[in-house]
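Visitor: I would like a quick tour of this model. Please keep it brisk.

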Number of protein chains: 2
Amino acid sequence: MGRPRSFDDADVLDAAMHVFRRHGYTGASVARLEEATGLTVGSLYNAFGDKAGLFRAAFAHYVQAFARQRLDHWLGEEATLDDLEAYLLALFDLPLNDGFGCLITNAAVEMRPDETFLTGAVWPALAERTERIDDVLLREVGPDHAREAGARLALMTEGLLLLARARRLNHDHRTAIVAEFSRLRELRDSPQHNRRRHHHPAE
Amino acid sequence: MGRPRSFDDADVLDAAMHVFRRHGYTGASVARLEEATGLTVGSLYNAFGDKAGLFRAAFAHYVQAFARQRLDHWLGEEATLDDLEAYLLALFDLPLNDGFGCLITNAAVEMRPDETFLTGAVWPALAERTERIDDVLLREVGPDHAREAGARLALMTEGLLLLARARRLNHDHRTAIVAEFSRLRELRDSPQHNRRRHHHPAE
DNA sequence: ACAATTCTGGAATATAAATTCTAAAATTGA
DNA sequence: TCAATTTTAGAATTTATATTCCAGAATTGT
């Protein structure tokens with residue numbers, strides 16, 4: 001049924017998502033997207049409708065194949081404070097800290113006027129991140145502290161990603177994260193703390 | 001020497017800065033800027049050169065007449081942790097929390113590709129904010145803790161402003177700020193803490 | 001009062017960008 | 001092999017937007 005595509009969707013979206021991450025939505029010209037993806041406008045429009053459609057697909061790809069990947073890797077069911085710390089500290093090194101930031105955070109700023117995209121795509125992506133962090137905290141420091149610690153870490157995480165894009169992340173910020181986690185570990189390990197530790201009764 | 005301007009620069013820049021804050025740089029069309037400022041393109045271009053020049057002026061105006069104003073008000077030479085807390089908590093209420101965020105934070109994301117503007121305008125504006133916060137902390141919690149606390153608050157502050165633009169700021173974040181400051185006060189008031197309190201010997 | 005200067009309004013233009021279109025190419029199923 | 005279908009390439013077009021231009025208005029200094 002017709003001529004088959006000469007490209008792999010995932011490859012194209014991967015290239016596109018990096019262009020959008022670097023240049024932003026408006027700064028990413030169709031010419032640049034052609035160059036980066038290796039496709040011509042015709043194919044791009046045939047496959048994704050228009051530039052906005054390509055962006056939606058690239059954003060969804062970033063969330064699903066990149067952000068969620070990292071969440072699954074570091075913040076799974078068994079994740080500890082160490083894992084959560086490692087998840088955040090990775091933002092300080094390559095390949096993550098390449099100076100272009102996180103597409104979700106960037107989109108939260110640039111796509112703000114597009115209510116539909118903001119609430120329909122950005123909010124869920126942000127929520128996924130914070131919920132995963134909250135899950136770890138709930139298990140590790142217990143419900144008494146998880147809420148406050150979660151909100152604090154949410155602020156710090158978005159701050160990290162903002163400063164990463166501004167190329168203003170430095171070693172002091174890293175130290176602050178490390179210190180934050182040594183404090184969270186104290187919270188976890190304090191004996192008089194009536195947290196409910198996470199158990200797997202069936203195992 | 002020629003016809004005088006029919007408008008006040010500060011008024012125009014005030015209107016322009018709000019347009020840029022809402023819509024971003026590219027999203028702010030010249031037509032919208034005309035409407036908001038009450039000037040026509042001719043006058044706008046005569047006064048500021050081009051759209052980029054108007055943006056630079058509006059950004060500088062935001063920093064000087066708005067952001068620095070707030071810093072001077074809350075984070076002066078005598079500012080305490082209470083003042084710093086109030087400075088941050090104001091971000092949760094109107095008129096500050098109008099859902100469009102901070103022009104500096106927004107520009108850090110959107111203007112990232114413009115190296116000249118990023119390093120020449122955004123970096124100094126960000127630095128002004130963090131340095132003022134650090135000054136307060138240095139006096140209040142002492143040099144031993146100021147560095148770490150400063151980095152943590154820098155992250156939290158940028159996180160606040162990011163989430164404010166995404167319309168994702170909620171009461172938990174507010175609680176996290178309040179909790180953070182009750183902890184900083186403990187640090188300040190802890191007797192065994194060998195901080196050097198701020199004195200004015202000449203007074 | 002008049003020359004010089006600067007500002008204003010808005011139409012005209014230029015520029016840059018996204019989008020559409022068309023002919024050719026590559027495939028499948030009959 | 002041929003009809004039907006989809007993709008591809010890139011030129012042509014459209015659209016949106018910034019920018020320029022110019023004639024007229026408003027001022028100052030001489």
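**Around the DNA and inside the protein**

Guide: Of the 22 residues around DNA strand C, those that come nearest are A:Met1, A:Val30, A:Tyr45, B:Gly2 and B:Ser6. A residue counts as near a strand if one of its heavy atoms lies within 4 Å of it. This is a predicted model, in which local features need pLDDT of at least 70, side-chain atom pairs count only at pLDDT 80 or more, and totals for chains, interfaces and linings use all residues. Residues are numbered from 1 along each chain as its sequence is written, chains are lettered from A and ligands numbered from 1 in the order in which they are written, and side-chain values use heavy atoms, with hydrogens and water left out.

Visitor: What percentage of the atoms of DNA strand C within 4 Å of the protein do sugar and phosphate account for?
Guide: Take the atoms of DNA strand C that come within 4 Å of the protein. The share from sugar and phosphate is 76%.

Visitor: Which residue has a polar side-chain atom 2.4 Å from a phosphate oxygen of DNA strand C?
Guide: A polar contact is a pair of N or O atoms within 3.5 Å; within protein, one must be able to donate a hydrogen and the other to accept it, and residues adjacent in sequence count only if both atoms are side-chain atoms. The phosphate oxygen at 2.4 Å is reached by the side chain of A:Tyr45.

Visitor: Which helix gives the most to the surface near DNA strand C?
Guide: Helices are DSSP runs (H or I, at least four residues), numbered from the N terminus. With 3 residues, the top contributor is helix 3 of chain B.

Visitor: Which side chain has an N or O atom 2.8 Å from a phosphate oxygen of DNA strand D?
Guide: The side chain of A:Ser43 has a polar atom 3.3 Å from a sugar or linking oxygen of DNA strand D. B:Tyr45 has a side-chain N or O atom 2.4 Å from a phosphate oxygen of DNA strand D. The 2.8 Å contact to a phosphate oxygen belongs to B:Lys51.

Visitor: Which helix provides the largest share of the surface near DNA strand D?
Guide: DNA strand D is surrounded by 22 residues, with A:Gly2, A:Ser6, B:Met1, B:Val30 and B:Tyr45 the closest. The largest share is 3 residues, from helix 3 of chain A.

Visitor: How much space lies in the largest cavity?
Guide: A cavity is a set of points on a 1 Å grid over the protein atoms alone where a 1.4 Å probe fits but cannot get out; lining residues have an atom within 4 Å of a point. Grid points are joined across faces, edges and corners, and volume is the space filled by probe spheres set on the points. The structure holds 5 cavities of 30 Å³ or more. The largest has about 50 Å³.

Visitor: Which helix gives the most to that lining?
Guide: The lining of the largest cavity includes A:Leu44, A:Tyr45 and A:Phe48. With 3 residues, the leading contributor is helix 3 of chain A.

Visitor: How far apart do the C-alpha centres of the two domains of chain A lie?
Guide: An automatic or database assignment sets the domain bounds. Chain A is divided into domain 1 (7–57) and domain 2 (75–189). Their C-alpha centres are separated by 27 Å.

How values were computed. 1 Å grid on protein atoms, 1.4 Å probe; cavity = no way out; pocket = protein on both sides within 12 Å on 5 of 7 lines; lining within 4 Å. Helix = DSSP H or I, 4+ residues; strand = E, 2+ residues; numbered from the N terminus.
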